[in-house]
Amino acid sequence: MLEHYGPQLINLLAAVLLLLAFAMLSQRRILSLINLFAAQGFVLFLSTALVAYLTDQHHLYWSALLTLALKVVLLPWILHRLIRRLNVKWDVETLINIPTTMLVGIVLVILAFNLSLPISRLAGTMTRSTLGIALACVLLSFLMMITRSKAVPQVIGFLSMENALFFAATGAVYGMPMVIELGVALDVLVASLILGIFIFEIRERFDTLDTRHLEKLKEL
Amino acid sequence: MVLEMPLLLAAPLTGGGVLALVGHRRAAADINVLFSVLTFLAAASLTGRIIAQGPITVLHAQFFVDPLNVFLVTLTAFVGMTTSIFSRPYMRIERDHGRVSDGGMRLYHSMFQMFIFTMLLVLTTNNLGIMWVAMEAATLTTVLLVALYRTPASLEAAWKYFILCGVGIAQALFGTILVYFAAEKVLGPGMGSLLWTHLDEVRARLDPTIMSIAFVFLLVGYGTKVGLVPLHNWLPDAHAEGPTPISAVLSGLLLNVALYALIRCKVITDGALTALTASGPGAPFAGRLMMGFGLVSVLVAAFFLSRQRDVKRMFAYSSIEHMGLTTFAFGMGGPVASFAGLLHMTVHSLTKSAIFFAVGHAVQKAGTQVMQDIRGLLRVSPTVGWGLMLGTLAILGMPPFGVFASEFLILTTAIAEQPWAAPVLVLSLGVAFAAIFGKVQPMVFGDATAQRLPHRPALLPVFAHLAIVLVLGLYMPPYLAEWYRQAARLIG
């Protein structure tokens with residue numbers, strides 16, 4: 001049953017990931033943004049576990065568990081604590097021009113699909129059609145980091161870019177070797193802790209979390 | 001079993017741990033020097049072994065040392081050692097001035113060792129995945145150091161450094177995934193497919209389309225860390241706002257290490273694309289991309305130089321210029337250009353860190369980084385003044401310093417092989433000369449505005465570096481030349 005519908009289910013999950021990426025791009029509330037990020041992590045966990053089951057790649061179960069622990073539980077928990085302590089839980093960011101951002105996003109998706117076409121043609125994995133979506137998610141997270149001016153959403157953009165890269169690795173090659181994945185996970189964890197420290201420092205010095213105030217250093 | 005290899009990595013790693021425990025005690029700076037000397041000794045004896053035995057792999061081929069990376073390992077360990085000697089009095093003065101807290105000193109010493117560790121890991125690992133992880137770790141260890149002074153400007157610089165390099169290095173991860181994807185078809189899944197030595201053996205069988213897409217991502221990713229224009233925005237800020245010893249190792253070492261990662265990827269990409277050489281264009285694809293990025297970096301950085309007011313910022317732009325020149329040289333390829341590129345990496349690293357050492361003390365004496373307010377260094381301290389002047393002349397490519405030799409080689413090769421690029425290079429070097437010399441000259445000569453300092457500055461590293469650069473310009477020992485030649489042959 002699952003074997004039969006498996007590949008289609010994976011495509012469905014990939015589509016959900018893309019939708020979530022667009023939702024994050026247009027979400028103004030910081031709290032909802034964190035929840036969307038956790039949801040993205042959960043979909044990633046589901047798809048990795050499904051690929052692991054369908055292809056009988058045992059190391060992928062471990063990466064799925066790692067995803068669940070790190071990206072669904074630990075990182076969102078850290079982020080929740082962060083916004084509670086910073087008192088920005090109910091903050092709403094003013095985003096200008098959401099429709100334009102969405103249109104740019106669609107262009108990026110088309111670009112990503114075109115770019116990944118020659119790659120997925122060569123891929124032997126059953127998940128090859130998801131590679132385009134993974135690249136699209138990378139570019140959408142990138143776009144999100146550019147369009148946001150607050151520090152916390154920029155961090156979430158950074159983390160969701162890493163999610164998309166992880167998805168790309170699962171889609172193209174059934175995941176990177178375990179040691180590498182552990183290394184990457186460690187880097188991401190340390191990075192988010194350092195960013196957390198930074199956000200406090202920035203608020204202390206500037207009395208705001210708006211990184212638009214971080215524009216003193218530039219060419220004269 | 002090769003003992004030097006574990007020692008080389010264990011020394012800075014233990015050093016980082018020990019220094020985190022030692023904290024801000026006075027001995028921390030001395031322990032920092034001690035571990036750096038240990039690392040250098042391990043690197044030197046490893047070099048001796050490579051010269052005697054040729055390339056080696058260690059620990060089931062997880063680590064790999066050949067003439068190309070062993071010379072960078074030695075350079076990294078050497079500059080790491082001299083920087084730790086320089087930072088001993090420098091950081092004490094900073095602390096006396098109240099710019100660094102006790103916790104800051106602990107962080108500084110511990111992270112300095114960890115930074116050296118991550119760079120040595122990038123250089124010696126045979127695994128492209130580990131290389132990426134270590135490269136990201138190198139960013140993480142330095143990002144807190146850039147913000148060490150906790151001033152608004154330094155926080156801004158560190159945030160920019162983090163976000164830009166984080167985004168950049170994410171592209172490199174995608175590139176690494178694509179390389180693994182291409183390799184898996186030939187070598188099968190598992191760790192073996194990411195080992196550089198394995199990839200190098202089968203490089204002609206890797207899929208050219210995937211490898212060229214992968215190389216673009218890797219170039220953007222690692223190129224951000226090399227500081228190539230237009231991905232260079234983090235570099236001047238991080239150099240100007242961080243403590244000077246960190247500026248010295250960022251400029252002298254990290255940029256080199258990132259370029260090294262790029263060169264390793266280029267060798268494989270070139271191998272994969274040779275299959276296309278017979279069938280038409282697209283063969284020197286990676287080289288052309290690197291030449292383009294390199295040339296733009298040289299040109300843009302040269303013109304930004306004259307607009308700088310902050311002395312560390314100006315020399316940061318000079319680093320962008322020189323890394324651009326080196327990238328251009330490796331892009332041209334061939335034995336002479338690669339030889340020149342390797343030589344330029346060495347002399348730039350030594351000269352630029354020497355300049356930053358001298359600048360560090362000059363800034364402490366004058367109490368400002370604004371060049372207009374630093375005057376008459378020669379009157380206050382002849383050693384700092386001459387150190388800065390000679391370093392500046394060396395970096396501008398004046399004979400008889402080594403930078404002249406490498407720039408001359410790069411230029412003559414460019415005239416022979418890429419005549420269109422030569423005028424751009426000559427113009428940029430000329431503009432850079434006028435800009436830097438015009439600004440440094442009044443800083444060194446003229447009436448003094450600077451003051452005396454409580455601790456004696458450690459200027460031995462400055463003159464040691466400049467002496468090596470001078471010797472490299474006048475006479476290159478045959479074994480060193482042979483070593484560079486072997487490394488250049490590996491790059492192709």
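Colleague: In this predicted model, does Glu4(B) count as buried or exposed?

Modeller: Glu4(B) is found in helix 1 of chain B, which covers residues 4–22. A residue is buried if 20 or more other C-beta atoms lie within 10 Å of its own. Glu4(B) has 21 C-beta neighbours inside 10 Å, and therefore counts as buried.

Colleague: Turning to chain A, is Phe22(A) buried, exposed or partly exposed?

Modeller: Phe22(A) has its place in helix 1 of chain A, residues 2–26. Not counting residues up to four places away in sequence, Phe22(A) touches Met102(A), Gly105(A) and Leu140(A). Buried residues have 20 or more other C-beta atoms within 10 Å, and exposed ones 12 or fewer. Because 18 other C-beta atoms lie within 10 Å, Phe22(A) is partly exposed.

Colleague: How do the residues on the side of chain A that touches chain B divide into nonpolar, polar and charged?

Modeller: The contact takes 37 residues from chain A and 39 residues from chain B. On the chain A side, the elements that give two or more residues are helix 4 (98–122), helix 5 (130–147), helix 6 (151–173) and helix 7 (178–206) of chain A. Helix 7 of chain A gives the largest share, 14 residues. The residues of this side divide into 28 nonpolar, three polar and six charged.

Colleague: Which element gives the largest share of the largest nonpolar core?

Modeller: The largest nonpolar core has 261 residues, and those with the most contacts inside it are Cys137(A), Ala168(A) and Ile177(B). Leaving aside neighbours within four places in sequence, Ala168(A) is in contact with Leu131(A), Ala134(A), Leu135(A), Phe174(B) and Ile177(B). The largest share of the core, 22 residues, comes from residues 152–187, that is, helix 6 of chain B.

Colleague: How do helix 13 and helix 19 of chain B pack, and into which classes do the residues of their contact divide?

Modeller: Helix 13 (residues 335–366) and helix 19 (residues 478–491) of chain B have axes 8 Å apart and pack at an angle of about 120°, which makes helix 13 of chain B oblique to helix 19 of chain B. The crossing is right-handed. Helix 13 of chain B contributes Pro335(B), Ser338(B), Phe339(B), Leu342(B) and Leu343(B), while helix 19 of chain B contributes Tyr484(B), Arg485(B), Ala487(B), Ala488(B), Arg489(B) and Ile491(B). The residues of this contact divide into eight nonpolar, one polar and two charged.

Colleague: How many charged residues are in the contact of helix 15 with helix 17 of chain B?

Modeller: Helix 15 (residues 382–395) and helix 17 (residues 422–444) of chain B pack at about 165°, with their axes 10 Å apart, so helix 15 of chain B is roughly antiparallel to helix 17 of chain B. Their crossing is left-handed. Gly385(B), Leu388(B), Met389(B) and Thr392(B) of helix 15 of chain B make the contact with Ile436(B), Phe437(B), Val440(B) and Val444(B) of helix 17 of chain B. These residues divide into six nonpolar, two polar and no charged.

Definitions and conventions: Residues numbered from 1 in each chain as written. Chains lettered and ligands numbered in written order. Predicted model: local features only at pLDDT ≥ 70, side-chain atom pairs only at ≥ 80, totals over all residues. Axes fitted to C-alpha atoms, helices over the stretch in contact; angles between N-to-C directions. Helix = DSSP H or I, 4+ residues; strand = E, 2+ residues; numbered from the N terminus. Parallel < 35°, antiparallel > 145°, perpendicular 65-115°, else oblique. Left-handed = near helix turned anticlockwise from the far one by under 90°. Contact = placed C-beta atoms within 7 Å. Nonpolar A, V, L, I, M, F, W, Y, C, P; charged D, E, K, R; others polar. Core = buried A, V, L, I, M, F, W, Y, C linked by C-beta atoms within 7 Å.
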